[in-house]
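The following exercises concern a single protein chain.

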Amino acid sequence: SARVSSGPWLSLSYKREIEEEQRMIRDMQERQMRRDEEKTRLLSEDERQELISGLRAQYDKLNHSYQTLSFTLDTPAKRERKEELERQMSAIEKDIERLNKKYIFVADYE
């Protein structure tokens with residue numbers, strides 16, 4: 001009968017240990033989330049517009065280079081240049097699209 005009574009006590013103490021560990025893990029995760037939130041800030045509308053303006057200027061410059069490429073892409077270098085310009089313009093389009101979201105949070109290392 002001593003063996004039977006020690007079983008539930010053992011499982012209860014084990015259960016308490018597990019619950020305490022889970023609570024500690026949750027607390028650590030919450031503290032980390034708060035630290036992460038402190039390192040981010042909402043991008044101001046002026047900053048957002050400035051970034052979009054800079055990206056559009058960069059896009060226009062690349063697009064001008066793209067438009068002035070010769071029609072015949074007869075060399076590997078010309079094809080590579082065309083593909084690289086297309087990749088860069090596509091990346092800028094995606095960045096502008098991201099900046100058109102309502103709320104943008106950025107890392108704040110100050």
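**Exercise 1.** Is Arg-41 buried, partly exposed or exposed, and what is its relative accessibility? Identify also the salt bridge that Glu-47 forms with Arg-41 by its closest N and O atoms.

*Solution.* The model is predicted, and the values below are computed from it.
Step 1. The relative accessibility of Arg-41 is 28%.
Step 2. Buried means under 20% and exposed means over 50%, with partly exposed in between; Arg-41 therefore counts as partly exposed.
Step 3. In the salt bridge between Arg-41 and Glu-47, the closest N and O atoms are 3.0 Å apart.
Step 4. Glu-47, at 27% relative accessibility, counts as partly exposed.

**Exercise 2.** Determine how many salt bridges a search of the whole structure finds, and describe those of Lys-78 and Arg-87.

*Solution.* 
Step 1. The search finds seven salt bridges in the whole structure.
Step 2. One of the pairs joins Lys-78 to Asp-74, with a distance of 3.2 Å between the closest N and O atoms.
Step 3. Within this pair, Lys-78 is partly exposed at 31% relative accessible area, whereas Asp-74 is exposed at 53%.
Step 4. Arg-87 pairs with Glu-84, the N to O distance being 2.9 Å.
Step 5. Both Arg-87 and Glu-84 belong to helix 3 (residues 76-99), where they are three residues apart, about one turn of the helix. Glu-84 is partly exposed, its relative accessible area being 29%.

**Exercise 3.** List the secondary structure elements of the protein chain in order, and state where confidence is lowest and where it is highest.

*Solution.* 
Step 1. The chain has three helices and two strands, and from the N terminus on these run α-β-α-α-β.
Step 2. The mean pLDDT of the chain is 85, and 88% of its residues reach 70 or more.
Step 3. Confidence is lowest in helix 1 (residues 2-38), with a mean of 74, and highest in helix 2 (residues 45-67), with 95.
Step 4. Over residues 1-5, pLDDT stays under 50, and the model has zero contacts beyond four places in sequence for this segment.

**Exercise 4.** Which residues make up the largest nonpolar core, and which element gives the most to this core?

*Solution.* 
Step 1. The largest nonpolar core has ten residues: Leu-43, Ile-52, Leu-55, Leu-62, Leu-85, Met-89, Ile-92, Ile-96, Leu-99 and Ile-104.
Step 2. Helix 2 and helix 3 are the elements that give two or more residues to this core; helix 3 gives the most, with five.
Step 3. Leaving aside residues up to four places away in sequence, Ile-96 touches Leu-55 and Arg-56.
Step 4. For the chain as a whole, buried residues make up 10% of the 110 residues. Of the contacts between residues at least 6 apart in sequence, 68% join residues at least 24 apart.

**Exercise 5.** Which residues form a nonpolar patch on the surface, and what accessible area do they have together?

*Solution.* 
Step 1. The patch is formed by Leu-42, Tyr-103 and Phe-105, which together have about 360 Å² of accessible area.
Step 2. Phe-105 lies in strand 2 (residues 105-107).
Step 3. A relative accessible area over 50% means exposed; at 57%, Phe-105 is therefore exposed.
Step 4. The accessible surface of the whole chain comes to about 9,600 Å², and 53% of this area belongs to carbon and sulfur atoms.

Note on methods: Residues numbered from 1 in each chain as written. Predicted model: local features only at pLDDT ≥ 70, side-chain atom pairs only at ≥ 80, totals over all residues. Heavy atoms only, no water. Patch = residues over 30% accessible without salt bridge, like charges linked within 9 Å, V, L, I, M, F, W, Y side chains within 5 Å. Areas by Shrake-Rupley, 256 points an atom, 1.4 Å probe, with all protein chains shown as cover. Salt bridge = Lys/Arg side-chain N within 4 Å of Asp/Glu carboxyl O. Helix = DSSP H or I, 4+ residues; strand = E, 2+ residues; numbered from the N terminus. Buried < 20%, exposed > 50% of the residue type's maximum accessible area, 1.4 Å probe, protein only. pLDDT = per-residue confidence, 0-100. Contact = heavy atoms within 4.5 Å. Core = buried A, V, L, I, M, F, W, Y, C linked by side-chain atoms within 4.5 Å.
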